[in-house]
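Below are my notes in the order I looked things up.

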Amino acid sequence: MKPNTPLQTLLLSLADDELILGHRDSEWTGHAPILEEDIAFSNIAQDEMGHALVWYSLVETDTGRTPDQEAFEREWDSFTCCRFVSYPKGDFAYTIMRQFLFDQAETVRLESFLESSHPGLKEAAGKIIREETYHLMHSQGLVHRLGDATPESRKRMQQATHMAFPQSLGIFEPLEGEAELVSGGVFAGNRSLQAEWLRRIIPVLHSVGLSVPADPGGVRDSCIPDYGGRIRDHNEHLKELVDNLQSVYRSVPGGTW
Amino acid sequence: MSEEEARIWNELGKITDPEIPALTLTEMKVIRSVRVNGKVTVVFSPTYVGCPATAQIMQEIRTCVAALGYREIAIETSFTPPWSTDMLDEDAREKLRMFGIAPPPDDASDIASALELAVHCPSCKSDQTTLESSFGSALCRQIFYCRSCRQSFERIKPI
């Protein structure tokens with residue numbers, strides 16, 4: 001099912017990013033390397049799913065389709081999350097790097113929505129950005145600690161950076177009908193958000209000696225952004241995740257607690 | 001607020017927060033307003049949008065208003081302004097302390113600077129405490145450790 005308007009396309013891409021990353025975060029519940037991180041990722045997962053609910057609810061005011069229908073009744077190849085959030089959680093270094101790159105992107109995105117001409121988007125951003133402050137503090141703090149701790153942690157964080165960076169550019173994959181949203185003042189547009197995001201992440205990574213396969217302000221030719229998610233071109237990782245996510249709902253359609 | 005609205009407000013003020021039973025919904029400042037205009041509209045403002053207690057709270061609001069004899073009940077969610085720990089008054093903060101949860105700092109408008117302030121242990125009042133984790137047993141709490149009485153405790157996270 002394709003969204004009908006550029007605004008719905010934007011809202012669904014936001015919601016799907018949060019839902020899918022939230023699910024990946026929840027996979028650390030009971031498995032994180034230390035208890036505090038187990039609790040942290042369980043909290044963050046809950047927050048991200050809450051944010052997904054807010055974005056899906058805004059879609060609902062337009063389409064009448066409920067958040068549950070969007071999350072549990074769509075086929076995996078109808079989701080418009082970026083591919084980045086769908087990849088397996090990997091080791092803890094990859095998890096932290098992905099969360100850091102995503103948290104920074106989300107913050108930049110929400111700041112842009114604070115100026116939005118769309119009242120619903122603006123109101124939701126004002127709420128969510130406060131909660132995100134804690135996510136970013138957490139992931140950025142761990143990038144600092146792990147990026148500059150032991151030879152093993154440096155090695156793992158560097159590997160994670162090289163793997164996650166090209167994937168994370170997919171967050172900013174252009175959306176269908178985006179020009180209309182930019183000219184209507186709904187948000188600043190992915191090109192400008194990506195530029196601002198690079199200005200924030202590169203100094204953090206460099207400060208702990210992590211090299212990035214890109215020049216600040218522009219992406220090197222050798223670094224190919226992992227696009228496809230926004231046009232519903234996904235891979236088996238998302239299929240597996242969505243199968244898992246929807247298994248209970250689909251086993252008893254319409255069931256309630 | 002009309003007399004009718006005040007009556008509903010008072011009844012809603014008897015419902016305790018499912019995660020912090022020391023406080024009621026009105027003390028938590030999650031109920032923003034009550035309007036009676038043919039139907040009853042309750043404006044609700046969640047602490048955190050992902051709070052799993054939200055559905056239960058909404059159900060309890062509905063049951064409470066229905067018990068007063070109203071049929072048409074709407075619960076609207078509002079983020080304007082977003083819920084903030086700054087909204088908790090001194091009475092609510094004292095109830096939290098008595099319950100064993102440290103209250104949030106008075107001013108959380110800037111979260112980073114709010115986290116710099118000394119936190120007092122709700123049991124022994126010592127300020128020799130350290131933040132163990134900004135995430136706790138619920139979305140609205142963080143974990144501290146008191147070096148004086150050697151106990152962990154939770155605090156309402158400034159937001």
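**Entry 1**

I started at B:Pro81, which sits in the loop between strand 3 (73-77) and helix 3 (90-99) of chain B. Helices (H or I, at least four residues) and strands (E, at least two) are DSSP runs, numbered from the N terminus. The peptide bond from B:Thr80 to B:Pro81 is cis, with omega near -10 degrees.

Housekeeping before I go on: this is a predicted model, where local features need pLDDT of at least 70, side-chain atom pairs count only at pLDDT 80 or more, and totals for chains, interfaces and linings use all residues. Residues are numbered from 1 along each chain as its sequence is written, chains are lettered from A and ligands numbered from 1 in the order in which they are written, and side-chain values use heavy atoms, with hydrogens and water left out.

Next I checked positive phi. A:Arg232 has phi near 65 degrees, although this residue is not a glycine. I found A:Arg232 in the loop between helix 8 and helix 9 of chain A. Is A:Arg232 buried or exposed? It counts as buried because its relative accessible area is 18%, and buried means under 20%, exposed over 50%, partly exposed in between (1.4 Å probe, protein chains only).

B:Arg150 also has a positive phi, about 55 degrees, and is not a glycine either. B:Arg150 lies in the loop between strand 6 and strand 7 (151-156) of chain B. With 64% relative accessibility, B:Arg150 is exposed.

**Entry 2: the cores**

I then went for the nonpolar cores, meaning sets of buried Ala, Val, Leu, Ile, Met, Phe, Trp, Tyr and Cys residues joined through side-chain atoms within 4.5 Å. The largest has 73 residues, and A:Trp55, A:Met97, A:Val143 and A:Trp197 touch the most other members. Several helices of chain A each supply at least two residues of this core, among them helix 1 (6-26), helix 2 (35-63) and helix 5 (119-147). Which helix of chain A gives the most? Helix 4 does, with twelve residues.

I also noted a second, separate core of 38 residues, which includes B:Val40, B:Val42, B:Leu88 and B:Ile159.

Not counting residues up to four places away in sequence, the partners include A:Met97, A:Phe100, A:Met157 and A:Leu205.

**Entry 3: where the chains meet**

I counted 28 residues from chain B and 21 residues from chain A in the contact. About 2,000 Å² is buried between the chains, and carbon and sulfur atoms give 65% of that. Buried area here is the accessible area (1.4 Å probe) that two parts lose on being put together, summed over both. In chain B, B:Val49, B:Phe79 and B:Phe135 lose the most area to chain A, together 35% of what that side buries.

How many salt bridges cross the interface of chain B and chain A? The rule finds zero, taking a side-chain nitrogen of Lys or Arg within 4 Å of a carboxyl oxygen of Asp or Glu as a salt bridge.

**Entry 4: one residue up close**

I finished on A:Asn43, in helix 2 of chain A. A:Asn43 is buried, at 6% relative accessible area. Leaving aside neighbours within four places in sequence, A:Asn43 is in contact with B:Phe135, B:Gly136, B:Ala138 and B:Leu139.

Notes
Contact = heavy atoms within 4.5 Å.
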